[in-house]
Amino acid sequence: MRSKLGTLFDALLPVIATLAALVVGAVMLLILGVNPIEAYKALWDGAFGSANSLAETLVKATPLLLVALGICISFRADVINIGGEGQMIMGAILATWVGLTVTDAPGWLVIMLGLVAGFVGGAIWGGIPGLLKAYFNVNEILSTVMMNAIAVQLMNFLLRGPMIDPSQAELASKIPQTARLLDAFHLPRLVPTRLHLGALIAVALAFLVYILLWRTTLGYRIRAVGQNPHASRYAGIKVQRYVVLSLLLSGAFAGLAGVIQVYGVNYRMITDGSASGFTGSAGFNGIVAALFGQLHPILSIPASVLFGALLVGANSMQRAVQVPSALITALNGLVVVFVVSSEIWRRRRQRRRLAAAKEEESPPKPGQAEAPKKDAKP
Amino acid sequence: MKKFAWFLTLVLALSLVLSACGGATEPVVEEPVEVATEVVATEAPVMEPFRVAVVMPSAINDMAFSQSMYDALLRIQDEMGGPDYFDFVYSEGMFVVDDAAAAIRDYASQGFDLVIAHGSQYGSSLQEIAPDFPETSFAWGTTAETFGQPNIYAYEAASQEGGYVNGVLAATLSESNIIGVVGPIEVGDAKLYVDGFKAGVAATNPAATVNVNYIGSFSDVALASEAATTHIAAGADALTGTAQMVVGAIGKAEENNALWFGTQSNQSSLAPSVVVASQVYHWEVVLREIIANVKTGTLGGQSLKIDLANSGLVIEFNPDYALPAEAQALADTTIQGIIDGSIVITLP
Amino acid sequence: MISEIFSTTVLIGILASGIRLATPYLYAAIGETFGQRSGVLNLGVEGQMLLGAFAGFYVALKTGNLWLGVLAAMSVGALMGLVMAFVTVNLHAQQGISGIGFYLFGLGMSDLLFQKLMGTVETVSGFPAIHIPYLSDIPGIGPIFFGQNILVYGAYLLVPLAWFVLNKTTLGLKIRAVGENPDAADSLGVSVARVRYFTIILGGTLSGVAGASLSIALLNVFQQNMTSGLGFIAVALVYFGGWRPLGVLGGALLFSMVNSLQLWIQVLGIPIPSDIAVMMPYVLTILVLVLTVSRVRAPAALTRPFERED
């Protein structure tokens, strides 16, 4: 019973940490002359208060989940992928191009092609840093930061040039957006809200990633490379190849996030020229969501929903009590720091549990090897 | 651990299904109420203020796009007698299209009389949202497109007009005949202004060179300042620029005694010794018309524009800069020429 | 047209702009180098810079004293560094993610404080250019190298200073040991925690100064999000520079000079689309690193929290 309670505590740790951060936020709200109770009620309502709110939360969470899945893969290979922003953009560009070019084909086919295109686009943009790391020793933090900026400029170039909406091209003021995808190519809505099929696709993919990481050889090797590259190499695993592969896959999922935004939400690709006008920082927020989900694909589902709820609810709070949106940004930062800091308790408890479990086991018989799992399946 | 994850996912899925079964809530919309415009002598009637919500992509003090709308709303509030008659709320910093769409929809469902989507990137979202709220009036800028919707007003600024005037002045006052432009990205309002500026220079002094630099960002102040420095090193003694990051460029202009021509807001305070004139946006000109229309029941379907003719665009000269009389006269003639149509600005 | 680039005016212009643009990158990247050398990754540099930029600007604006502004920026940066150190060293938080959290916090707080305390964009008289006698009179390059303001000089003096500390002092030895093999260092009596606290707080302080170098020396203005990604580039430059101050200097100068090159390309009217031109510094940074294939290894303990084995 105690251990079940403990497991519950561990799982709710991010929630508790979020609440702690919101307490600090309450102080800031008070200083600004806002009633924190009223504010946080608005936050809750904005995230969960109605069918529409819940739909908004899930729509916001979907790209987070997709990016998080990619992060789960890459972090398991001990590769840091902060290039989600750029990979999302490239996936979206390719998928949009497909959707605008292949116009006389059935809707479901174009959607599938779009998803594949997004996967490929993101994979390329993730694969390049992967190759650079594996074969040229270019650190992935450097290459992905640079590639993010390059992707934004490429997007600006394409969206105000070759890919611009023909109706915009004639106007004197050109809005950097593409033409709208045909109605047939929109991801169908699930309920009469903004919630779309992409959410289900993302959840299905989460399970697929779980299977990939723990039930396939590929997944095993990725995890092995992450845990102990030397031993892996000794065991015959080509470490370089799996480093590249993990970044490639990670980028591919971020690319899918981009596709979903285009096919399911905006029905076109549009930007304002800023670095995160299109992505909404999903490339970074997805990393946070992955961490909230302990880098586990299934846990990333509730983690993404919770983080999406926070983002949506906070914006709703801004509207309701009219606080500056800067406060919302700072609050998001606080939540991230608090949740990340709270991990220590989960790790301590896990270690205590492992130690206790070891004591309970009978000592191994002489000659029988004991294989302690450092990275036990949660 | 795994079991709990399944459980949590199941709970979330269940709550999603349940809330979907609960059905979408109907948006509750208040009817716009007629507000007495004459001053009432004796008792103050119980009245509803005209309520406006505005969604903006940048900060309300960005000395550029968003500030111009915020200031205009404040002026309207003043004109109409204060928050009792005119009330507005805002969401700024909404550069993410998705978040802005959620904001617009939220405000609409709260029953505001007018929801202003002050950003050209919001159009796509507005197209989806406006039909769902037929009793709410929407205004979208800067653009001319209303999507044929009866409840969308489109508004734009003919910023090329002020650009033209600034260009004429710059070409007249420049001694090196090299003029520099610092822009963010070559789209929208920025492009209009810069194209108008170049036309103005070309019309006044075809031999003058205009060097244009789009720095690729709306917020990189350091790059904007170095762009200005580069222009100056290339010989420019008059500069202009648009969007909020030009505050960096203005500083360099002052340092090097290069003249500055501003747009979107009055930038004289940033460099009193070198700012010659600024094209100030007075959105209240279109706002007044929209509000009046909404009160009489016309919720949209029109495109409006601020330009020199309707005083929506005003060239505000810097009193601290001693503008030679001939230049002032030329500016005035140019403005008049644009207003009465004798000067036609051809854009690429 | 392309040949115009090789004229003296342009080359000097690129050099001058590059040296100025590189200043905040240098402060931030050198600070981050200390941290990473001791095994800590800080992605929150941008947040520290923004808060430092605002603190420096506001204090300078209100007191009229620029040095108080620098002090304020340093204090704010150090404070954020202190919190980051606690979160990293004592709570063993995931370093990449905690950095993002600090970034968001710094971004939001600096914006919020700016709106509430100032409300509108203002300018200050920042640090003036200091002309070193005789040297700054050298035609062409004189003003560039010997006519900058004090914070620019500071950034460049920081490089040999950092090199000296890291390579020639006991402190530097400890820092490097902690970054390579914290267990061994610990067993030799070096307090891993104390060293990391020092480097993280130092990094925060320098990030604060980087922000101040923008708001009260180079640009003399504060605006929301004025750094616009600078902090992240600075972190990337540490990797580019191979965790060596001299390498970081090279990276900062390369990036900044290519940036000013692309400005000139646009000003000279060379027909490259503006977006492609803006891409150049980023593409070139990767290219240079690819071409100079180095075998420099990261500090072995980078991003790994240190826990004393029982």
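How many Å separate the centres of domain 1 of chain B and domain 2 of chain B, taken over C-alpha atoms? The two centres are 29 Å apart. The structure shown in these views is a predicted model.

View 1. Chain B has 348 residues, and 59% of them are buried. Its secondary structure amounts to 10 helices and 12 strands. Of the contacts in chain B that link residues at least 6 apart in sequence, 66% are between residues at least 24 apart. Domain 1 of chain B is made of two segments, 50-157 and 283-306, and domain 2 is made of 159-280 and 318-340.

**View 2. The contact between the domains of chain B.** Here 10 residues of domain 1 of chain B meet 9 residues of domain 2 of chain B. On the domain 1 side, helix α2 of chain B (residues 65-80) makes the largest contribution, with 3 residues. The domain 1 side consists of 4 nonpolar, 5 polar and 1 charged residues.

**View 3. The parallel sheet of chain B.** Six strands form an open sheet in the order β2-β1-β3-β4-β5-β11 (chain B), and their pairing is parallel. The edges are β2 (86-91) and β11 (303-306) of chain B; each has a single partner strand, so one side of each lacks a neighbour in the sheet. On average, and with direction ignored, neighbouring strands of this sheet are turned by 20 degrees against each other. Within the sheet, strand β4 (residues 137-141) and strand β5 (residues 152-157) of chain B run parallel and are joined by 4 bridges. One residue pair to look for is G141(B) with its bridge partner Y155(B) in β5(B).

**View 4. The mixed sheet of chain B.** A further open sheet of 6 strands has the order β7-β6-β8-β9-β10-β12 (chain B), and its pairing is mixed. Because β7 and β12 (313-317) of chain B are at the edges with a single partner strand each, one side of each has no neighbour in the sheet. Neighbouring strands are turned by 15 degrees against each other on average, direction ignored. Helix α7(B) packs on this sheet and touches β6 (178-183), β7 and β8 (238-241) of chain B. The direction of α7(B) makes about 170 degrees with that of β6(B).

View 5. Although β7(B) is an edge strand, 5 of its 6 residues are buried. Strands β9 (residues 259-264) and β10 (residues 275-281) of chain B also run parallel, with 5 bridges between them. Here T263(B) lies opposite Q279(B) in β10(B).

**View 6. The contact between chain B and chain C.** This contact involves 28 residues of chain B and 30 residues of chain C. On the chain B side, the elements that supply two or more residues are β7 (209-214), α7 (221-233) and α8 (247-255). Of these, α7(B) gives the most, with 10 residues. By type, the chain B side has 12 nonpolar, 13 polar and 3 charged residues.

**View 7. The contact between chain C and chain A.** Chain C brings 42 residues to this contact and chain A brings 36 residues. On the chain C side, α4 (95-118), α10 (230-240) and α12 (274-291) each give at least two residues. The largest share, 15 residues, comes from α4(C). The chain C side divides into 29 nonpolar, 10 polar and 3 charged residues.

**View 8. Two crossing helices of chain A.** Two packed helices are described by the angle between their axes and the distance between the axes. For helix α9 (residues 217-227) and helix α11 (residues 239-266) of chain A, the axes come within 10 Å and cross at roughly 105 degrees. The helices α9(A) and α11(A) are therefore roughly perpendicular to each other. From α9(A), the residues R221(A), I222(A) and V225(A) meet V239(A), Y242(A), V243(A) and S246(A) of α11(A). This contact is made up of 5 nonpolar, 1 polar and 1 charged residues.

Methods. Residues numbered from 1 in each chain as written. Chains lettered and ligands numbered in written order. Predicted model: local features only at pLDDT ≥ 70, side-chain atom pairs only at ≥ 80, totals over all residues. Contact = placed C-beta atoms within 7 Å. Nonpolar A, V, L, I, M, F, W, Y, C, P; charged D, E, K, R; others polar. Pairing = 2+ DSSP bridges. Axes fitted to C-alpha atoms, helices over the stretch in contact; angles between N-to-C directions. Domains from an automatic or database assignment. Parallel < 35°, antiparallel > 145°, perpendicular 65-115°, else oblique. Buried ≥ 20, exposed ≤ 12 C-beta atoms within 10 Å, placed from the backbone.
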